[in-house]
Amino acid sequence: MHKASFQQRPKRVALFVTCMVDMLYPGVGIAACELLEKNDIEVVFPEEQTCCGQPAFNAGYLNEARKLARRFLAVFAPLVESGEVDAVVAPSGSCATMTSHFFEVIFNESRETDLAHQAERLASVTFELTEFLVDVLGIVDTGAQLQGKAAYHPCCHLYRELGVDRQPRTLLDGVEGLEVVDLPHADDCCGFGGLFAIKNSGISAAMGRAKASNAEQSGADAIVLCDVSCMTHINGILSREGIACHAHHIAEILNNHLGSTLRPPSQPAPAQADHPRRWGD
Amino acid sequence: MTVRDTILSRLREALQQPHLPFPPAHSEPLTHTERMTVTHVDGDIWAQAHRFAQELHAVKGSCELLETVTEARLSVVSRLQLWLEEEQAARKTADAERPEDWDVLCWPLDQLQIEGLPLILEEVGFKLIQPTDLHDPEQRERIRYVRAGITTVEAAFASTGSFVVGGRGPNARAASLTPFRHLVVIPFSRLYATGEDWLAQMRHAGKLDAYLRHSRNLSIITGASKSADLEGNLTTGVHGPKVVHAILFDDLQQ
Amino acid sequence: MQVDIHAPYKDRVNQALSDPNLRVAVSKATDRMTNARLASMGAVEGQLLRTQVRKMKEHVLSNWPDYLEQLETNLTRNGCTVHWAGGIADAQAIVKDIALQNSANLVVKAKSMATEEIHLNHALEQAGLRVVETDLGEYIIQLADEPPSHIVAPVIHKRLEEIAEVFQEKLDMPPTREPTKMTSLARARLREEFFAAGMGVSGCNFAIAETGTICIVTNEGNGRMVSSMPRVYVAVMGIEKLVPTVEDAFLQLQALCRSATGQQLTVYCSMTSGPRQQGDVDGPEQVHVVLLDNGRSRMLARGYGEALLCIRCGACLNACPVYQEIGGHAYGGTYNGPIGAVISPALAPEIAQFKELPHATSLCGACREACPVKIDLPRLLLDLRSDLVQEGASPKTEAWGIKSYASLMNSRRMYENLGKMASIGSNLYAGMSGGNIKFMPPPLNGWTAYRDFAPFAPKSFREWWRQRSKMRGQK
């Protein structure tokens, strides 16, 4: 994946919010959107976007994955090619990996060279949120404030496919009042793995429990990560195991969505702190 | 078609498939100039000898560095005597002494480049065992319980504390393998900074290929026989020697 | 509970997950080996080493038949006998015949995955021969009548007390858990076997084409024993285990040792170029090399050639969080861990024989990061999944589910409706169970068996976006 270098600071980006954020965690999308806007980036949200096709690709259904990939390219590529936006930004390492790495792979496999090239061009201006904030905009401090202890969990696709690790850590270090502690075995997978969590649920959950016990050992009030899929898994395990720690998407922290203090879910949080996820309630 | 031809033709056919994802159609070999040297040692021969000692210690071996061949001669004798005492002490009985305690399985000692060594060893009472055919049941039986072996080396690598033993002619492979203790004598002239250095010099001299083929067997040995199979507990002397002691001496002064 | 490798996949996994000893033993050992690897690769230019070994091996595979012929020529010139084996039956027959012709009633073996692959011990025992594994770990599992569960650490799944029990039961060892005493006992017993054996068998870590040399790597010295003590020595090698030159061999050796156990070099690397000659004190009088295909040429043709770069160091097993949870036996084949999940199906006549394995991974990529030849294991696992789908080997309900999902997601209207329904449904349902969802119907019960699920948001991001845009009067 070759990333474009911008001659001028980008002005407008298209938000690829991802289907999970759209439907399950709109607060994360709102935070991402506001973070960009705070930094003088105009956000465009192409409403035709749905899912990137990763679940189909991961399960081995390449025809179905290509169907959704074609749709994605049809929605996003013209925006970039016409110059209407300078980049595509996603609050997810995993979905960004799918669109900026595996699209090319699946179209090469079907020898649809034009689409593969289009995917490659789009990939060069596609960024995960923290990658965009740090590498493109040069931000190290988002102005966020939060009291408490947090540990960072590097999600596998973000860390190993996109090679993004320093960026979210830098931004977390910039949060005033937040003590960032080490997560033991931090780069071990949480066990989510998409369909794996259903097909091999026993193994997946065992991995999740290992992650949860490491989270507990770290003494952190919160696990911070950049993918809501892994977040769903880790929180599902933490909740089931009754461990007083919660996973949060980094955007929520960087955009001050969690109130002033991190606290375990057992202690009721102030009402407004819950606002982003329950928006519209 | 023979099995051989079937296999080879299948491979050729597969490699000619137009869209084979792997391997790349054209790939260059790793050249001598680009191939990396993995480990490094700086300094003169003494620095290299010190490094060898340090590395051998790290893999449960021991080592002494000596300035002259005279010291090396004394050292071989006193090391064997020390081992003899240790063996007998370990048996914990007063009448522990057994005649086979004095047996030493060895290569022809003139190879050690230490003059007069066999004579001294025999004077002290050691019995030097130099088998000629270890598939002969009698000779094989003779070495079964020998506790110490002496060999020299083809080469030694300072950066890893390794040495290479050959196995042809009168040099029994068994001498560095079956005894509980292995005494290895290494003149500085056979010490190289790294394995890569040794290979490069052999290659340069144009003899690497033939040397390896004619060697029948070469073993690179790095430390004492060991295993971690018992739940990660490190144990030594599993099949090969538990005690590996190297005597390095400077033969470059003369 | 011990894992029965002949049981169906789901049972094997459940057996493995319900054995607390297994997890303790495996994760302790894999952590130790991973840390050793990281330290050892970090102490040198590890990334360059990986790049170079990969380049060298890629070149070999690009010119695979030529290098095989070169190896064959040189082995023959050195006085070795070369045999070619297409599959398991061929290979078994070759080795068995060599043993019978030489009246070798006792066979000593060094640890070898290739001989596991061809079930050699079983075949030789059927022919009335006694076969003794001499690697300490292999010896233990042979006594316990189990297959190896790790490429380099075969008994990784057993704790010390379990091993002590095996020794007490099978070798009449007095009760002890002293590793030194257990090792001495094994040394004494196996020494008798080495001296009595008529034939030694090993695998081959790599063979040098330019010289016709078979290299085997051990820490215990049993590799040297089996290739030096008996009159007959047989090396069974997968046909991909080739390097062009002596220097390449030394490079790969270092990558192997550092990646497998974090050693700079293993204690012994034994390089055999030919049989004993006139005047040699010892060494085998016959050296046989069995070149084993057993699916490797098919694997190349199927598009899984990248996995043939594997040098069998086991680093991917140690790095794998799935392997740490279930150990090796749950994989049910000769090879396990991430590389096993690729090569077990890729080597098999039908990929679908191991159809569960490509799914037994979260695709986290830790294996690729650990691999000394940078095999893109997650990618190969994805390819296998796709091949399984194309062969129609995936469950019908799954295929229907994925196709439906793709159709729904291909329409904005349907996507939005689905979102609304899921939101209303899950919130109603979550309300009943007090916040989080604790149970979902099949197939989603796989999720809620172990984890809670937070309901869908009452209003989606896009609804927020639209409302905000309206308020701002943009639309």
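These questions and answers look at domains and contacts in a predicted model.

Visitor: How many residues does chain C bring to its contact with chain A?
Guide: Both chains contribute to this contact. Chain A gives 57 residues. The count for chain C is 53 residues.

Visitor: Which element gives the most to the side of chain A that touches chain C?
Guide: Several helices of chain A give two or more residues to this side, including H1 (19–23), H4 (62–81) and H11 (201–218). The top contribution is eight residues. That element is H11(A).

Visitor: How far apart are the centres of domain 1 of chain A and domain 2 of chain A?
Guide: Domain 1 of chain A runs over 12–135, and domain 2 of chain A over 140–274. Take the centres over C-alpha atoms. The separation is 23 Å.

Visitor: How many residues of domain 2 of chain A are in contact with domain 1 of chain A?
Guide: Domain 1 of chain A puts in 27 residues. Among the elements giving two or more residues to its side are H5 (93–109) and H7 (129–136) of chain A. That side holds 15 nonpolar, eight polar and four charged residues. From domain 2 of chain A, the count is 25 residues.

Visitor: How far apart do the C-alpha centres of domain 1 and domain 2 of chain C lie?
Guide: In chain C, domain 1 covers 44–294 and domain 2 covers 418–472. Their C-alpha centres lie apart by 57 Å.

Conventions: Residues are numbered from 1 along each chain as its sequence is written. Chains are lettered from A and ligands numbered from 1 in the order in which they are written. This is a predicted model: local features need pLDDT of at least 70, side-chain atom pairs count only at pLDDT 80 or more; totals for chains, interfaces and linings use all residues. Domain bounds come from an automatic or database domain assignment. Two residues are in contact if their C-beta atoms, placed from the backbone, lie within 7 Å. Helices (H or I, at least four residues) and strands (E, at least two) are DSSP runs, numbered from the N terminus. Ala, Val, Leu, Ile, Met, Phe, Trp, Tyr, Cys and Pro count as nonpolar, Asp, Glu, Lys and Arg as charged, and the others, Gly among them, as polar.
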